[in-house]
Amino acid sequence: MREALITHRTTLLLSMAVAVLVFFLNRNATSELGIFGGHHIPYARALTGDFDRSVISYPMWGYPLVIAVFGTGIWLKLLQLVISFAAFLWIYREWIGYSQKTIVRIGVLILFAWIWFATASVYWPAAIAIPIWWISVTLHRRLTTIKPSTRTALLTGIAAGIVANFRSDFLLLTLFVFTAATLAGLINSPKKESLDKIKSLAIVFAVTLLTLLPWGIYNQINGEGFRLTSSNGGGVATISLGQLPGNSWGITPRDEFLVRYMESNSNETAS
């Protein structure tokens, strides 16, 4: 008992130290600031009625809603720190914390924590989306490895749905990961347990889609048409071609390329 207490205390202190240090070192990070200032802040103003935004369907409204409530300063960063820190501790405990090898626990904690908190310290939707997505993955792991539960399935779907309201690319990723994990969990499972796992997966997907309904209705009301994702999918697919070596189109996998392309091929600019 005493050893477990010391282990948890060490985990807490090390995690807190890494989190605070990374957030401090990354306090002046400029990554994603262009999209933050050019899209998320104006969208937040539009949601509060202070700004007339012509494009409603991009970006997803999750992060702008948070900005509308917490602003763009220290409170937003503190929110990201608290969410990432709380999620990290719980996820670490669920996946690694019960390992009998101290060197594994501490090593993974230190190495993984740097990346985790660096991601959470930037002004972008993934700072909140990634910790919550891992919460949904961890909850789903319980469904496939411990015991299917309607309550756990509902919580998993809610978490996955919240994430999809921040970044729509997580929607397909979640559907793929959860389906693959469920299918793997069906191997050598009794028939009743397999049916329970499939039922839980259906609940997860249904709840995830239900949490996106307000976004779809909001777009419909504002003349963008009913959609459960953001409208930049074509643009993402285009600049993704820039990752192909020696691509003949001269595409670079950066948002700036898409903006220049749209400006040179249309009378409208990307907004």
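Which residues does proline 253 touch, not counting residues up to four places away in sequence? They are Ile239, Gly242 and Gln243, where contact means heavy atoms within 4.5 Å. Before going on, this is a predicted model, in which local features need pLDDT of at least 70, side-chain atom pairs count only at pLDDT 80 or more, and totals for chains, interfaces and linings use all residues. Residues are numbered from 1 along each chain as its sequence is written, and side-chain values use heavy atoms, with hydrogens and water left out.

Back to proline 253. The loop between helix H11 (233-240) and helix H12 (255-265) holds this residue; helices are DSSP runs of H or I, at least four residues, numbered from the N terminus. Proline 253 is partly exposed because its relative accessibility is 42%, and the class lies between buried, under 20% relative accessible area, and exposed, over 50%, with a 1.4 Å probe and protein chains only. From glycine 242, eleven residues away in sequence, the C-alpha distance is 4.7 Å.

Next, serine 194, in helix H9 (residues 191-211). Serine 194 counts as buried because its relative accessible area is 13%. Beyond its neighbours within four places in sequence, serine 194 contacts Leu186 and Ser189.

Last, the largest nonpolar core, which has 25 residues. Such a core is a set of buried Ala, Val, Leu, Ile, Met, Phe, Trp, Tyr and Cys residues joined through side-chain atoms within 4.5 Å. Tyr63, Leu76 and Ile128 touch the most other members. Among the elements giving two or more residues to this core are helix H6 (126-145) and H9, and H6 gives the most, with six.
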